[in-house]
Amino acid sequence: MDIKGTVAVITGAAGGIGRALALELAKRKAAGLALVDHSDTVHQVAKAVNELVGSAIAHGYTGDVTDEGFRKSVFEDMASKHNRVNICVPAAGITRDSLAVKIDKATNQVVIYPIETFRQVMEINLVAPVYWALEMVAGIARMRAEKGLKRWEPTEPLEGAVIFIGSVSSLGNRGQVAYAATKAGLEGAAATLMMEAVYHGIRCAVIHPGYTDTPMVRAMGEKLIAEQIIPRTQLRRLIQPEEIADAICFMISNAAVSGSLWADAGWHPSA
Ligand SMILES: NC(=O)c1ccc[n+]([C@@H]2O[C@H](COP(=O)([O-])OP(=O)(O)OC[C@H]3O[C@@H](n4cnc5c(N)ncnc54)[C@H](O)[C@@H]3O)[C@@H](O)[C@H]2O)c1
């Protein structure tokens with residue numbers, strides 16, 4: 001699938017991976033980009049993209065990815081500007097790390113990971129990405145139905161692609177009971193969508209990045225990065241967001257790629 005001329009929605013586009021992907025898709029001549037984030041910085045990313053390509057292809061949208069009305073409004077606005085959206089990379093995500101069951105050092109009380117925090121991580125990292133993807137699939141399904149097209153056939157060009165952002169934590173990571181569950185959950189969603197959405201000519205896959213140099217990882221602190229992450233990464237460095245963006249573009253453009261791609265710089269967690 002040629003990235004040239006595609007129209008993409010990227011959530012979390014003010015963040016490290018989303019921003020790098022926006023710039024990479026623009027370099028590969030995407031025709032339109034919806035850059036979505038609850039941070040106003042997303043407008044600066046859109047400006048940087050537009051300056052890079054010398055034309056107003058990127059549009060910033062500020063809002064919460066869990067807000068259904070906001071999600072629909074972004075797709076409607078993009079449809080009015082570019083007729084369609086055919087790439088969706090829902091990258092907005094959060095970490096809320098704490099042991100699943102821990103003993104509070106101050107009080108000696110046993111504390112269970114708060115259920116409301118678990119639900120918040122689920123809403124942002126699992127439910128929202130799936131629904132942003134479904135919104136795109138629905139748009140393409142509607143467009144095909146209006147043209148009288150039925151099941152997509154291999155003789156037709158592909159219509160689109162969804163790439164979810166998983167994580168090496170999907171295999172389990174101490175302190176990430178909620179985050180790991182959401183990232184593993186995306187595997188099931190991607191595998192199911194790969195079966196269902198291909199009816200409309202849409203592929204779906206999931207990338208599992210290792211520790212990438214973005215605000216999310218820097219927030220963990222330099223000490224933790226140096227002591228816990230770098231020694232367990234074969235490349236002995238953080239991955240650059242541009243490397244993940246390049247891998248996502250490979251997944252979009254190479255139609256034989258399905259399932260999951262591990263871009264983890266050789267991550268080997270301890271026992
Ligand atoms: N950085 C890593 O090492 C790493 C590794 C594996 C997977 N990931 C995943 O990659 C994706 C991007 O992460 P990143 O490293 O670029 O992080 P980041 O913190 O730099 O970016 C995440 C962005 O998501 C936005 N966001 C969070 N909640 C939102 C909400 N409710 N509505 C709208 N926007 C919201 C934030 O404002 C932020 O700009 C995430 O899904 C993350 O889980 C990151």
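**Briefing: paired strands, crossing helices and a ligand shell**

Aspartate 37 stands opposite threonine 62, a residue of strand β3. The structure shown here is a predicted model. This briefing treats the strands, a pair of helices and the surroundings of the ligand in turn.

**Strands**

- Strand β2, made up of residues 32–37, pairs with β3 through five bridges, and the two strands run in the parallel sense.
- Strand β3 spans residues 58–62 and is mostly covered, with four of its five residues buried.
- As a general point, side chains in a regular strand alternate between the two faces of the sheet.

**Helices α3 and α4**

- Helix α3 comprises residues 68–82, and helix α4 comprises residues 115–146.
- The axes of α3 and α4 come within 10 Å of each other and cross at roughly 35°.
- The crossing of α3 with α4 is right-handed.
- On the α3 side, the contact is formed by Arg71, Lys72, Phe75 and Ala79; on the α4 side, it is formed by Tyr131, Trp132, Glu135 and Gly139.

**Surroundings of the ligand**

- The ligand has 26 residues around it, of which Gly12, Gly15, Gly93, Thr214 and Met216 come nearest.
- Two helices, α1 (16–27) and α6 (215–218), each contribute at least two residues to the shell around the ligand.
- The shell consists of 13 nonpolar residues, 11 polar residues and two charged residues.

Methods
Residues are numbered from 1 along each chain as its sequence is written. This is a predicted model: local features need pLDDT of at least 70, side-chain atom pairs count only at pLDDT 80 or more; totals for chains, interfaces and linings use all residues. A residue is near a molecule or strand if its C-beta atom, placed from the backbone, lies within 6 Å of it. Ala, Val, Leu, Ile, Met, Phe, Trp, Tyr, Cys and Pro count as nonpolar, Asp, Glu, Lys and Arg as charged, and the others, Gly among them, as polar. Axes are lines fitted to C-alpha atoms, for helices over the stretch in contact, and angles run from 0 to 180 degrees between N-to-C directions. A crossing is left-handed if the near helix is turned anticlockwise from the far one by less than a right angle, and right-handed if clockwise. Two residues are in contact if their C-beta atoms, placed from the backbone, lie within 7 Å. A residue is buried if 20 or more other C-beta atoms lie within 10 Å of its own, exposed if 12 or fewer, and partly exposed in between; C-beta atoms are placed from the backbone. Two strands pair if DSSP finds at least two bridges between them.
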